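User: Can you walk me through this model? I'd like to start with a helix and then get to the core and the pockets.

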Amino acid sequence: MPRYRIHIEYDGGPFVGWQAQANGPSVQSALEDAIFRFCGEQVRVQGAGRTDAGVHAEGQVAHLDLRRARLPKTLRDAVNHHLGRLPVSVLTAEETGPDFHARFSATGRAYRYRILNRRAPPALDRGRVWHVGTPLDAGAMDKGAKRLLGRHDFSSFRSSECQAPSPLRTLDRLDVRREDEEVVLYAEARSFLHHQMRIIAGTLREVGIGKRTPDDISAALKAGARAAAGPTAPPYGLCLTHVHY
């Protein structure tokens, strides 16, 4: 039974998230339905990252098994055809070995969070950025971000609904940069907790407007309680950019 690795991008706006759920359309279900319409096989598409509702991806990776071998380019083109007008696209497809697993073989994941920092709201990037009209001090935000690097108990920076058995995570990269009218967060880790990046973004925004200091970030981390950190930033500023193997 051949296994295929696919690279996917999608707009998370219309979906309840990556994972198939009963309460609405998911990216996973959209791909599985398109594959069924292509070849009549009911498959499970396993993704590298279970992005939340409204979160985008330009570097999602997944794998699937088919009973009958297909040319990778045929698989890519046929799935894209059957996806129709849904904002999901298979960028590449390749045959891979049976030991490859999109989720468990991954050694790291990279995310980007975009904040549009100007008075005027977005028009072209609506649904892609978090609009913050108050001026942000990106330098102070970056100093606060550096307090989170390394291995820590991130209980203050995970959702109360997080089902991960441990709050311990190692944050390998967290940079904050001003890029013209945007303040952009770049993060990399082997894995992330539920809402971790969005809570980090919401908390660092408070540093940017002067409501918190970098020292407050250290205190929030040490507190080990969700109430010690800032609000959860909206999902649409977040994008899964790359999965490392």
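**Helix, core and pockets**

Analyst: In helix α3 (residues 138-146), the buried residues are Ala138, Ala140, Met141, Gly144 and Ala145; buried means under 20% relative accessible area with a 1.4 Å probe, protein chains only. Helices are DSSP runs of H or I with at least four residues, strands are E runs of at least two, and both are numbered from the N terminus. This is a predicted model, where local features need pLDDT of at least 70, side-chain atom pairs count only at pLDDT 80 or more, and totals for chains, interfaces and linings use all residues. Residues are numbered from 1 along each chain as its sequence is written, and side-chain values use heavy atoms, without hydrogens and water.

User: OK, the core. Which residues touch the most other members of the largest nonpolar core?

Analyst: Leu31, Leu185 and Leu204, in a core of 70 residues. Helix α1 (residues 27-39) gives this core its largest share, 7 residues. A nonpolar core here is a set of buried Ala, Val, Leu, Ile, Met, Phe, Trp, Tyr and Cys residues joined through side-chain atoms within 4.5 Å.

User: What is Leu185 in contact with, beyond its neighbours within four places in sequence?

Analyst: Its partners include Tyr111, Tyr113, Ile115, Met141, Val176, Met197, Ile200 and Leu204, with contact meaning heavy atoms within 4.5 Å. Met141 is also one of the buried residues of α3.

User: Switching to pockets. Which residues lie nearest the centre of the largest pocket?

Analyst: Arg50, Arg103, Phe192, Leu193 and His194, out of 35 lining residues. α4 gives the most to that lining, with 3 residues. By class, the lining has 15 nonpolar, 12 polar and 8 charged residues.

User: What counts as a pocket?

Analyst: On a 1 Å grid over the protein atoms alone, an open set of points where a 1.4 Å probe fits, with protein on both sides within 12 Å along at least five of seven lines; lining residues have an atom within 4 Å of a point.

Conventions. Nonpolar A, V, L, I, M, F, W, Y, C, P; charged D, E, K, R; others polar. Buried < 20%, exposed > 50% of the residue type's maximum accessible area, 1.4 Å probe, protein only.
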